[in-house]
Amino acid sequence: MFFNSLPTNFAALEVGQHLYWQIGNIRLHGQVFLTSWILLGALLVFISLGTKKMENDPKGLQNLLEFLWDYIRDLARTQIGEKVYRDWMPFIGTLFLFVFVSNWGGALIPWRLIKLPSGELGAPTADINTTIALALLVSLSYFYAGLSNKGWRYFEYYVHPTPIMLPFKILEDFTKPLSLSFRLFGNILADELVVGVLVFLVPLVLPIPVMFLGLFTSAIQALIFATLAAYYIGEAVEEHH
Amino acid sequence: MLAFDFFGATEGGLFDINATLPLMAIQVVALTYILNSLFFKPVGNVVEKREKFVSNNIMDAKNKLSEVEKLEADLLSQLQNARSEAQKIVSEAENESDKLYKEALELANNEANASKEKARLEIENQTSSAREQLFKQADDLSELIVNRLILEK
């Protein structure tokens, strides 16, 4: 077959190669954890620097962090609603920051300069495990939000407005995490692959617009992920009349 | 199996799901708690404190403005009262002076009439006394003439 005739690491890309860590019986993708620790460490350092000395007249980093906070609050408030958005704002914000930092870190930092024995460093969100983990957390969150806010009445949502909707609504509980995880995974991986292939074929100039496009998609994907997560939670806590 | 061969399914591959998934989920949950205490809570406190401060100040300013407007209206009505009061006083004074003038005029007229009458009476008296004197003189003269005529005879 055509696909089989291609080498797995075409265009000097190592697709589907991982740096395995073996701990007892479990195997981990080491490169995902390495990059995520570096990026999250940078994020936490950035945030603790910005919140070290909080003033009433914000300056410098505090200004940026307050803008970010305001942005996340608006996102959570518009999707979840005035009543419970406060409880879910940290989760939505963390999803946004995690996905954003992962995507941009994967696109901006020249990880390829660091050689690993197997696999290569890159955006943590280009690994299916990460995106499925995030999507499942979103699923758990909206179930928890619905049940804790409305109790058993949450399941009225499945037969609202008519019982005919029941199979579709049940199906939705599976398609929501599936679409969330595969959208993010596909976009980020595709971006990395496109940039990698272009860099291999035409190392000069040509990859630059694609890299900018990649940065744009990365930011948009973070926003989409956080917005959809907030929307699902808002849908679960919404009161039907 | 074609796609999975391409992605290197058996060992690794793009869709190689393993313990990375739950560990990453735990990591994200931990990150949520860390970010909540490090970022969302402190920044939220500061921002909300400021929002409260600003809205309080706006309320204060609004209250003060309404107070100022009330005072302004008060002053305006006082001014209007004072103005009408002044008008009243002026018109009263005008009436008073008018009255006084009329009284004085009447008094003067009366006085003038009285003196005129007196003068007239005096003139009449004098005229009548003068007439009487004239009559007397005429009598005297006529008597004198008569006497002289008699004597000449």
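Okay, let's start with one residue: Glu66(A) has 19 C-beta neighbours inside 10 Å, so Glu66(A) counts as partly exposed. To be called buried, a residue needs 20 or more such neighbours. Keep in mind that we're looking at a predicted model.

So where does Glu66(A) sit? You'll find Glu66(A) in helix 3 of chain A, which covers residues 60–80. Now, who does Glu66(A) touch, if we skip the neighbours within four places in sequence? There's Pro58(A), and then Val43(B) and Val47(B) from chain B.

Let's zoom out to chain A. It has 241 residues, and 37% of those count as buried. There are seven helices and two strands, and starting from the N terminus the order goes α-β-β-α-α-α-α-α-α. The C-alpha atoms of chain A fill a box of roughly 60 × 60 × 45 Å along the principal axes. And if you take contacts in chain A between residues at least 6 apart in sequence, 67% of them join residues at least 24 apart.

How confident was the predictor, then? Chain A averages a pLDDT of 88, and 94% of the residues score at least 70. Confidence is highest in helix 5 of chain A, residues 128–150, at a mean of 95, and lowest in helix 1 of chain A, residues 2–5, at 45. Over residues 1–11 of chain A, the pLDDT is below 50, though that stretch still has 12 contacts in the model beyond near neighbours in sequence. Where pLDDT is low, the predicted coordinates should not be read in detail.

Next, a pair of helices. Helix 2 of chain A, residues 30–50, packs on helix 4 of chain A, residues 85–108, at an angle of about 115 degrees, and the axes are 10 Å apart. That makes helix 2 and helix 4 of chain A roughly perpendicular to each other, and the crossing is right-handed. Which residues make the contact? From helix 2 of chain A we have Thr35(A), Ser36(A), Leu39(A), Leu40(A) and Leu43(A), and from helix 4 of chain A there's Leu97(A), Val101(A), Ser102(A), Gly105(A) and Gly106(A). By type, that contact divides into five nonpolar residues, five polar and no charged.

Now the interface. Here 41 residues of chain A are in contact with 35 residues of chain B. On the chain B side, helix 1 (2–6) and helix 2 (20–152) each supply at least two residues. Helix 2 of chain B gives the largest share of that side, with 22 residues.

Most residues other than glycine have a negative phi, and most peptide bonds are trans. But the peptide bond from His160(A) to Pro161(A) is cis, with omega near -5 degrees. Pro161(A) lies in the loop between helix 5 and helix 6 of chain A, helix 6 being 166–201. Then there's Val205(A), with a positive phi near 60 degrees. Val205(A) is in the loop between helix 6 and helix 7 (207–237) of chain A. Is Val205(A) buried or exposed? It has 7 C-beta neighbours inside 10 Å, so Val205(A) counts as exposed.

Key:
Residues are numbered from 1 along each chain as its sequence is written. Chains are lettered from A and ligands numbered from 1 in the order in which they are written. This is a predicted model: local features need pLDDT of at least 70, side-chain atom pairs count only at pLDDT 80 or more; totals for chains, interfaces and linings use all residues. pLDDT is the predictor's confidence in each residue, from 0 to 100. Helices (H or I, at least four residues) and strands (E, at least two) are DSSP runs, numbered from the N terminus. Two residues are in contact if their C-beta atoms, placed from the backbone, lie within 7 Å. A residue is buried if 20 or more other C-beta atoms lie within 10 Å of its own, exposed if 12 or fewer, and partly exposed in between; C-beta atoms are placed from the backbone. Axes are lines fitted to C-alpha atoms, for helices over the stretch in contact, and angles run from 0 to 180 degrees between N-to-C directions. Angles under 35 degrees count as roughly parallel, over 145 as roughly antiparallel, 65 to 115 as roughly perpendicular and the rest as oblique. A crossing is left-handed if the near helix is turned anticlockwise from the far one by less than a right angle, and right-handed if clockwise. Ala, Val, Leu, Ile, Met, Phe, Trp, Tyr, Cys and Pro count as nonpolar, Asp, Glu, Lys and Arg as charged, and the others, Gly among them, as polar.
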